[in-house]
Each structure stands twice: as structure tokens, then as C-alpha cells.
Amino acid sequence: MRNSRRPSDRTLRNGEYMQISLNFILESIIFGVGLAMDAFSVSMANGLQDPGMSRKRMLGIAGTFAFFQFLMPMIGWACVHTIAERFEAFQKLVPWIAFVLLVFIGGKMLVEGLREPEAVPEEIRLSHGELFVQGIATSIDALSVGFTIASYSPAAAAAASGLIGVTTLVICIAGVRIGRFFGMRLAGRASVLGGVILIVIGCRILFGGGL
């Protein structure tokens with residue numbers, strides 16, 4: 001009788017484990033979709049600015065955003081477990097930091113797009129430094145996810161952050177592709193629209209409190 005009960009108990013436990021794992025994956029993907037919206041818009045702006053970019057460049061842009069979206073929740077998780085009080089105070093500065101960074105890059109793109117046609121280079125390419133700044137600006141609000149996943153083990157927190165990063169990668173690739181599509185049709189004024197998009201995102205984060 002004892003042996004006949006064990007398989008059913010084991011099956012139940014396995015069934016519960018599978019359900020929990022599925023919920024974990026779905027919740028992490030939902031987090032990723034929500035957090036990636038700003039990165040998606042910025043990726044689209046980058047595609048508008050450089051519609052002729054190569055696939056390698058496109059993957060580099062999306063990969064940068066994905067990396068920071070993975071990194072920030074992990075930093076937040078670590079801060080919650082070490083300097084929670086100071087981290088919570090720092091959170092108030094997050095919208096301002098994102099605002100300043102995005103308005104700076106967006107303003108630069110806007111100025112370049114408004115120059116006379118002969119003064120504008122044929123190809124306006126995003127520098128590695130600018131991409132780095134964009135990655136920080138669009139992912140810094142993901143630090144707050146550290147509070148949400150504070151109860152996770154280190155491995156679970158890394159897995160959740162990894163899923164957020166992968167989700168961001170896919171969404172940002174789509175954003176760059178959309179930007180490239182419209183950038184080819186807007187010619188020299190695509191950079192103007194891209195700059196406006198970045199400035200609007202920065203204002204939304206500051207005055208709307210982020211995500």
C-alpha cells in the first residue's frame with residue numbers, strides 16, 4: 001500500500017513544480033515586455049537614424065539593451081540584500097537620471113537632423129558611448145525589479161533577469177527593424193523624429209514616474 005501511494009505523491013509534486021516553473025517563466029517574460037518598452041522605442045529611433053545599418057550592428061544595439069535589462073534587476077536584487085535603505089533613497093533619482101541621459105542623446109540627434117543637408121554626414125551612426133548611455137537610461141528603472149524578486153534565490157534571480165534580457169533582445173530587434181523601415185522613407189529627417197522620440201521618452205519617465 002505504501003508503494004502504491006508514492007508514485008501519485010511524486011506525480012503531484014512534479015505537477016506542482018511544473019506549474020510553478022511555468023508561472024515563473026510567464027511572470028519573467030511579462031516583466032521583460034513591460035521593461036523593454038522604452039528600449040523598444042529607443043531602438044526604433046536608432047533604426048530611424050541609421051536605416052542602412054548592418055545586421056551585426058542591429059544585433060549589437062539590441063544586445064546592449066538586453067544586457068542592461070539583465071544587469072539592472074540583478075544589481076537591484078543585490079542592493080536589496082545589502083544596502084536596502086540607501087538603495088530605496090537612490091530610487092528617487094532614477095527618473096531624473098534617465099531624463100537627463102535621454103534628453104541629451106535625443107537633443108544631439110535632433111540638432112544633427114535639423115542641420116542643412118550639406119552639413120549632415122551621409123550616415124549618422126550611433127557611437128559606442130551613446131549606445132552605452134542609452135542602455136543605462138532605458139534600463140535604470142529596472143533596478144526596482146530588485147524589490148520584486150528580493151525573495152528569489154541568487155540562481156532564480158539570475159534566471160528571471162536572463163528571461164527579461166532575452167525578451168528585451170527580441171523586442172529591440174523588432175524596434176530596430178521598424179525604425180530602419182521608416183528611416184529609409186523619411187530620408188534625412190529620420191534623425192529628427194528619432195531625437196523627438198528620445199526626448200519624449202525621457203519626459204514620460206520623469207513626469208510619469210517611469211514604468
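How much of the accessible surface of the protein chain belongs to carbon and sulfur atoms? In this predicted model, the share is 68% of an accessible surface of about 11600 Å². Buried residues account for 42% of the 211 residues in the chain.

The fold is helical. Eight helices and zero strands make up the secondary structure. Read along the sequence, the pattern is α-α-α-α-α-α-α-α. Contacts reach across the chain. Of those between residues at least 6 apart in sequence, 90% join residues at least 24 apart.

The average pLDDT is 78, and 79% of the residues score at least 70. Among the elements, helix H2 (residues 55-80) has the highest mean pLDDT, at 92. H1 has the lowest, at 70. Over residues 1-19 the pLDDT is below 50. Beyond near neighbours in sequence, this stretch makes zero contacts in the model. Residues 117-122 also stay under 50. For residues 117-122 the model has two contacts beyond four places in sequence. Where pLDDT is low, the predicted coordinates should not be read in detail.

One cavity of 30 Å³ or more is present. The volume of the largest cavity is about 30 Å³. Its lining consists of Glu 27, Ser 28, Phe 31, Ile 149, Tyr 152, Ala 160 and Ile 164. By class, five of these residues are nonpolar, one is polar and one is charged. Helix H1 (2-49) and helix H7 (154-186) each supply at least two lining residues. H1 gives the most, with three. H1 is also the element with the lowest mean pLDDT.

A further site of interest is Gly 194. This glycine is found in helix H8 (residues 190-208). Gly 194 counts as buried because its relative accessibility is 0%, and the cut-off for buried is under 20%. Which residues does Gly 194 contact, leaving aside its neighbours within four places in sequence? The partners are Ala 45, Leu 48 and Met 109. Met 109 lies 85 residues from Gly 194 along the chain. Ala 45 and Leu 48 fall within the span of H1 (2-49).

Conventions: Residues numbered from 1 in each chain as written. Predicted model: local features only at pLDDT ≥ 70, side-chain atom pairs only at ≥ 80, totals over all residues. Heavy atoms only, no water. 1 Å grid on protein atoms, 1.4 Å probe; cavity = no way out; pocket = protein on both sides within 12 Å on 5 of 7 lines; lining within 4 Å. Points joined across faces, edges and corners; volume = space filled by probe spheres on them. Helix = DSSP H or I, 4+ residues; strand = E, 2+ residues; numbered from the N terminus. Nonpolar A, V, L, I, M, F, W, Y, C, P; charged D, E, K, R; others polar. Buried < 20%, exposed > 50% of the residue type's maximum accessible area, 1.4 Å probe, protein only. Contact = heavy atoms within 4.5 Å. Areas by Shrake-Rupley, 256 points an atom, 1.4 Å probe, with all protein chains shown as cover. pLDDT = per-residue confidence, 0-100.
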